[in-house]
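Please look through the sequence and the 3D structure below before reading on. The briefing that follows goes through the sheet, the cores, a helix pair and the domains.

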Amino acid sequence: MKRRTAGKLMGLGALGGWLPKQMGVDQEKIGIALVGLGNYATRQLAPALQLTQYCQLTGIVSGTPSKVKDWQGKYGIEDVHCYTYENFEDIAADDKIDVVYIVLPNFMHAEYTIRALEMGKHVICEKPMGLDADECRKMLAAQTASGKKLQIGYRLYHEPHHKRMHELGVALHWGPLKVMESSLGFRMANPASWRMDPSKGGGGAIMDLGVYCIQAARRMANQLPQKVSAQGFNTDPGLFKGLFEHVSFQLSFPNGAVSNSTTSFNAYVDRFHAACERGWLQMQPSFNAGQQVVLTTSEELEPIEGPGPFQQVAQMDAFARNIMDDTEVIASGEEGLIDLQIIDAIKRSIEEERMIEISY
Ligand code: NAD
């Protein structure tokens, strides 16, 4: 019997929770299968998994045999735990795989998350949770029916500088929050990418990057925005077909705070600034994976210990602990849904050229 199952039966939580020192034997860790061995899985998630305390990479799903061979060589994954999109459902019977981690293009998130939940597996789904709020609601319904846990790949919910930002916001450390500014963008190098196809990416930079600006503003304000005004810009319709090159949006919060953001597929930018009545904070770089967040504030604060080379270590370990201890997931599907409700409203605002009241 696996250690965590025994823990559940014996009421381990009541005995003080999971004890890290008792870990170490592979069967005691949470087994994760990565689905889609693209850029993010290869460069960030697989190396991050090697540094986690409670997780291990026990399976992969890929349609490319040469990739599977490379990954097996690098991470020692046995043939029986390597799957294709055709035999994906066989994972249901694989007891080395506890969590199915969906790292596929955005248009595949809902389908594969629902299929994995229906197989009785816990799921981490990459951002954005789905193509729109409707898809997210279907994913949440599948989660409820399955009784399994769902995390959205929001690594910054577990990143120490972003956590401090959230704490300062919740505590109203500098008094009422007034104005936030944030932007995230890069120059799209590959016009053939699924990210440039509205039916696959969901509509360009706002879908790819918008969740970061939205979640920083929400977590600093510790509230949900009520209204949004948004504008789409496209100076190169030959390159950006059926989507916007840049999207700017303004959120207003019940506490009076406002947030102004731009997401772009044609300019490199990565920063967040929050101005309160008696002080401010700034993170630059703020959102991108693969570089350290730099936080500056209007007064000197306690130093923050960085996350190490991969922000995803804390994200995946937190989810493993949620499973082991049966605790609530912070970067939950409900959080993912809220962000898509806001993005849906942003898209509507651009289309209807007016301010939209966001419905939750
Ligand atoms: P990618 O294009 O590099 O990888 C996608 C993978 O899906 C590829 O291996 C591809 O072969 C596979 N795939 C399977 N079926 C496919 C199909 N029908 N069409 C296209 N590809 C198919 O993309 P990526 O950059 O690795 O992004 C994957 C997901 O991870 C996206 O949802 C993205 O938003 C998310 N992501 C998250 C972060 C983060 O910091 N949380 C960072 C990067 C990407």
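Two strands are said to pair if DSSP finds at least two bridges between them, and both helices (H or I, at least four residues) and strands (E, at least two) are DSSP runs numbered from the N terminus. This is a predicted model, in which local features need pLDDT of at least 70 and side-chain atom pairs count only at pLDDT 80 or more, while totals for chains, interfaces and linings use all residues. Residues are numbered from 1 along each chain as its sequence is written, and side-chain values use heavy atoms, with hydrogens and water left out.

**The sheet**

- Strand 5 (residues 122-125) and strand 6 run parallel and are joined by 3 bridges, and Cys-125 has Ile-152 in strand 6 as its bridge partner.
- The open sheet is formed by 6 strands in the order 3-2-1-4-5-6, with parallel pairing.
- Strand 3 (82-83) and strand 6 (150-152) stand at the edges with a single partner strand each, so one side of each has no neighbour in the sheet.
- Helix 3 (residues 65-75) packs on the sheet, where it touches strand 1 (30-35), strand 2 (55-61) and strand 3, contact meaning heavy atoms within 4.5 Å.
- The direction of helix 3 makes about 160° with that of strand 2, where axes are lines fitted to C-alpha atoms, for helices over the stretch in contact, and angles run from 0 to 180 degrees between N-to-C directions.

**The nonpolar cores**

- A nonpolar core is a set of buried Ala, Val, Leu, Ile, Met, Phe, Trp, Tyr and Cys residues joined through side-chain atoms within 4.5 Å, and buried means under 20% relative accessible area (1.4 Å probe, protein chains only).
- The largest nonpolar core has 80 residues, and among those that touch the most other members are Phe-88, Met-220 and Phe-272.
- Helix 8 (residues 205-221) gives the most to this core, with 12 residues.
- Domain 1 (28-155) and domain 2 (158-308 + 332-357) both give residues to this core, so it lies between them.
- A second, separate core of 30 residues includes Ala-48 and Ile-60.

**Helix 2 and helix 9**

- Helix 2 (residues 39-51) packs against helix 9 (residues 312-325) at an angle of about 65°, their axes being 8 Å apart.
- Residues of helix 2, including Tyr-40 and Ala-48, meet Gln-312, Val-313 and Met-316 in helix 9.

**The domains**

- The bounds of the two domains come from an automatic or database domain assignment, and the C-alpha centres of domain 1 and domain 2 lie 26 Å apart.
- In domain 1, 20 residues are in contact with 27 residues of domain 2.

Technical notes. Buried means under 20% relative accessible area, exposed over 50%, partly exposed in between (1.4 Å probe, protein chains only).
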